[in-house]
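These are my notebook entries on one protein structure. I record here what I looked up and what I found.

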Amino acid sequence: MFEQRSRAEWIGRGLLALRTAYERSRRYVRDHQFVLLSLGLIAVTAFGARFLAIVRFPGPSGSDYGNYLTNLHAFLGQDVTGDGLGYPTVFLVYLWLVTSAFGELQGLQISGPLLAALLCLPSYVLLRTFVDTRLALVGAGMLTFAESVSELIGWGGNPNLLGMAFGTLFFAFLARWM
């Protein structure tokens, strides 16, 4: 009923699956080149503009970033305040990845503009559900460059930005499902 497969056969099937995934991704990039380049341009421009505004100062803007760092240390097992965690684990994992890559102060300065720049992708996915590609790109750019997003970065709303990204994706998938 069930036949045994050799190790070479399993490896061959795995390599075939990898090749198929690679070919599909190349085809997707080729077919959606304009959209991917436009979203990349929006994200890079948004990140650059906001990062250049923040990097003028020696540390991150606002006192909430210190609170992020305190929560990150509590997440890593070095709770100096005894208050425990005050932010979602997903945000703390994101913050840990950014601060591990760039150092604590530089990572905190990068964390807000990076989240704001990544907001263009879920915005595009949601808008693309209702309008054509070009209007969805314009709308994603408008949402990414909104002043309220800059206010969130300045006043410590990075977890809110992450929540906006996940919430927007949720509504996009809900709208496509319905």
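**Entry 1: the model.** I am working with a predicted model, in which local features need pLDDT of at least 70 and side-chain atom pairs count only at pLDDT 80 or more, while totals for chains, interfaces and linings use all residues. Residues are numbered from 1 along each chain as its sequence is written, and side-chain values use heavy atoms, with hydrogens and water left out.

**Entry 2: the salt bridge.** I searched the whole structure for salt bridges and found 1. The term stands for a side-chain nitrogen of Lys or Arg within 4 Å of a carboxyl oxygen of Asp or Glu. The partners are Arg-19 and Glu-23, with 3.1 Å from N to O. Both residues lie in helix H1, 4 residues apart, about one turn of the helix. Helices are DSSP runs (H or I, at least four residues), numbered from the N terminus.

I then looked up how open the two partners are. Buried means under 20% relative accessible area, exposed over 50%, and partly exposed in between (1.4 Å probe, protein chains only). Arg-19 counts as exposed because its relative accessibility is 55%. Glu-23, at 36%, is partly exposed.

**Entry 3: a positive patch.** Arg-24, Arg-26, Arg-27 and Arg-30 form a positive surface patch. Patches are made of residues with over 30% relative accessible area and no salt bridge; like charges are joined within 9 Å, and nonpolar side chains (Val, Leu, Ile, Met, Phe, Trp, Tyr) within 5 Å. Lys and Arg count as positive and Asp and Glu as negative, while His and the chain ends are not counted. The place of a charge is taken as NZ of Lys, CZ of Arg, CG of Asp or CD of Glu. I located Arg-26 in helix H1, which covers residues 7-31.

**Entry 4: Ser-25.** Ser-25 also lies in helix H1. Its relative accessible area is 36%, so Ser-25 is partly exposed. The side chain of Ser-25 reaches the backbone oxygen of Tyr-22 at 2.8 Å. I looked up the distance to Glu-147 as well: the two residues are 122 apart in sequence and 35 Å apart in space, C-alpha to C-alpha.

Entry 5: A polar atom of the Arg-50 side chain lies 2.8 Å from the backbone oxygen of Thr-144.

**Entry 6: a nonpolar patch.** Leu-76, Val-93, Trp-96 and Leu-97 make a nonpolar surface patch of about 350 Å². Accessible areas come from the Shrake-Rupley method with a 1.4 Å probe; for residues, only the protein chains shown count as cover. I found Val-93 in helix H4, residues 89-102. Val-93 counts as partly exposed because its relative accessibility is 33%.

**Entry 7: Tyr-65.** Is Tyr-65 buried or exposed? At 2% relative accessibility, Tyr-65 counts as buried. Tyr-65 lies in helix H3, residues 64-75. A polar atom of the Tyr-65 side chain is 2.7 Å from the backbone oxygen of Ile-153. Tyr-65 and Gly-112 are 47 residues apart in sequence and 9.6 Å apart in space, C-alpha to C-alpha.

**Entry 8: two distances to Gly-62.** Trp-155 is in the loop between helix H8 (147-154) and helix H9 (158-177), and its 67% relative accessibility counts as exposed. Trp-155 and Gly-62 are 93 residues apart in sequence and 5.9 Å apart in space, C-alpha to C-alpha. Val-44, in helix H2, is exposed at 60% relative accessibility. Val-44 and Gly-62 are 18 residues apart in sequence and 23 Å apart in space, C-alpha to C-alpha.

Methods. A polar contact is a pair of N or O atoms within 3.5 Å; within protein, one must be able to donate a hydrogen and the other to accept it, and residues adjacent in sequence count only if both atoms are side-chain atoms.
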